[in-house]
Amino acid sequence: MSDIGGWHSYFSSPRTRVGKYEIGKLLGEGTFAKVKLAKNKETGESVAIKVIDKEKILKHKMLEQIKREISTMKLVKHPNIVQLLEVMASKTKIYIVMEYATGGELFDKIVHQGRLKEEQSRKYFQQLIDAVDYCHSRGVYHRDLKPENLLLDAAGNLKISDFGLSALPQQLREDGLLHTTCGTPNYVAPEVIVDKGYHGATVDLWSCGVILFVLMAGYLPFDDPNLLNLYRKIYRAEFSCPSWFSSGARKLLFKLLDPNAKTRYTAAQIYKNDWFRKGYKPAQHTEKLNVTLEDINAVFNDSSEFLVMEKKEMKPASMNAFDLISLSSGLDLSGLFEQPQDEERGETRFTSKKSAKEIVNTIEEAARPLGFNVQIQNHKLKLQGDKQGRKGQLSVSTQVFEVAPSLFMVELSKNNGDTIEYNHFCKNLSKGLKDIVWKAEEADTASGN
Ligand code: ADE
């Protein structure tokens, strides 16, 4: 169990609520943004929320660009692209709510399972090209296609993430330094490296070629520990295919990894390619988009009527079966909720059906008349005896756990002082708590068992 700062935390860490979403764990982190898992509390649906710091955007003069890119993301709706759901803002942050791809990164699969079979690689490549070409046809270019941006949904289908936002001018990212900004240039086309000016579509198709190679080979076509050597290899398109690549795949790869952007395969040529066409089923995306920019403008318009509040919600820590079992001796849970328990260690537990807030208030009301100084800090509760006992001042902390919906377990534990005094205190406290203490026997009687 958690013990923060020497006494048990009363509640688990606060959960942040933004609009109807409860913010959860971190999924990924970039220069300007963090992506967090979140839950729509109205529908129960999981989403991914990109949280962008407004100040950072303003500092880097990227506001107009971000606005344009969010509008662009609204234009794309395709089964193989992570869908933008809504955009919100607080005074300091912008929240981009997206579809959550539960299957994680495609390349984690390669890291764990090794290279993919040709059929499987072809399926992902077909989905990749379908989505990339769909975006190109709407004037949207990714320009940063790389493994981190390829996710999988629950059904194992590819989902490209960050289409649009990643199409920010390279020079404006992270201090304007290209080599630190892009991280690895392994997926970047030769014309980007020499910075001659490039066309978004051909650059994306080069990256698709690198991705196809990695899926089938399990390693990169262009790699070198020395950055200059790596650039040279990319510039000359110096790569060779491993023996297990079929001749059809090789031919297509040489057409995609063509250092000359003018002769490189276009999407139209890829669709005609025999290797690509095998089993290809174009994605269905018939839904008409109703694109309005009102909400986007509203988000950047600092008038408070459009701003959402970021609220911290305190919730009692929840307990799962493993936590409960670890508290009990063996697998027998019957002793867990009965008093007296671990008197030697100074731990007492009881259950209550009252709300966590009522439990806190009742403990406070019961402890004060007993001469205890009660500290409640962010819903944490510490009870400090006002006089020195045999073994120093008695100090008790409490924690509430949610063991089931509307059933709480309250744990009292002694931080300092004499155990006999502590047990005496618990007895007195339990008198004050009699309407919330819910011993096992009473519970049985109450439920008619
Ligand atoms: N990481 C970044 N974006 C994500 C998303 N939409 N779903 C799952 N993980 C992500």
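Leaving aside its neighbours within four places in sequence, which residues is Ser 121 in contact with? They are Leu 116, Leu 212, Leu 215 and Met 216, where contact means heavy atoms within 4.5 Å.

## Getting your bearings

What you have here is a predicted model, so local features need pLDDT of at least 70, side-chain atom pairs count only at pLDDT 80 or more, and totals for chains, interfaces and linings use all residues. Residues are numbered from 1 along each chain as its sequence is written, and side-chain values use heavy atoms, with hydrogens and water left out.

The protein has 16 helices and 17 strands; these are DSSP runs (helices are H or I with at least four residues, strands are E with at least two), numbered from the N terminus. Out of 449 residues, 47% count as buried. Buried here means under 20% relative accessible area, exposed means over 50%, and partly exposed is in between, with a 1.4 Å probe and protein chains only.

As for how the chain meets itself, take the contacts between residues at least 6 apart in sequence: 64% of them join residues at least 24 apart.

## Helix H3, one side in and one side out

Helix H3 covers residues 106–113, and its Leu 106, Phe 107 and Ile 110 are buried. These three cover an arc of only 95° around the axis, which puts them on the same side of H3; the arc is that of the directions from the helix axis to the C-beta atoms.

After H3 comes Gly 114, with a positive phi near 85°.

Leaving aside its neighbours within four places in sequence, Leu 205 is in contact with Ile 129, Val 132, Leu 256, Tyr 265, Thr 266, Ala 267 and Ile 270.

## Rings and charges

A search of the whole structure turns up twelve aromatic pairs. Rings of Phe, Tyr and Trp (its six-membered ring) pair if their centres lie within 6.5 Å; planes under 30 degrees apart count as stacked, over 60 as edge-to-face and the rest as tilted. Tyr 271 and Phe 276 form an edge-to-face pair, 5.7 Å centre to centre with 75° between the planes. Phe 276 also pairs with Tyr 280, this time tilted, at 4.9 Å centre to centre and 50° between the planes. Phe 276 is buried at 0% relative accessible area, while Tyr 271 is partly exposed at 22% and Tyr 280 is partly exposed at 21%.

Elsewhere, ring pairs link Trp 206, Phe 213, Tyr 219, Phe 222, Phe 239, Trp 244, Phe 245 and Phe 254 into a cluster. The charged end of Arg 115 sits over the ring of Trp 244, 3.8 Å from its centre. Likewise, the charged end of Arg 122 sits over the ring of Trp 275, 4.6 Å from its centre. A charge sits over a ring if NZ of Lys or CZ of Arg is within 6 Å of the ring centre and within 35 degrees of the ring normal.

## Positive phi and a listed site

Arg 143 isn't a glycine, yet has a positive phi of about 65°. Arg 143 is in the loop between H4 and E9 and is partly exposed at 29% relative accessibility. Ala 237, also not a glycine, has a positive phi of about 50°. Ala 237 is in the loop between helix H8 (227–236) and helix H9 (247–256), and is buried at 13% relative accessible area.

Finally, UniProt lists Lys 50 under "binding site" in an unreviewed entry. UniProt positions are given in the numbering used here, feature names are shortened, and annotations may be inferred rather than shown by experiment. In the model, Lys 50 is in strand E6 (residues 46–53) and is buried, with a relative accessible area of 8%.
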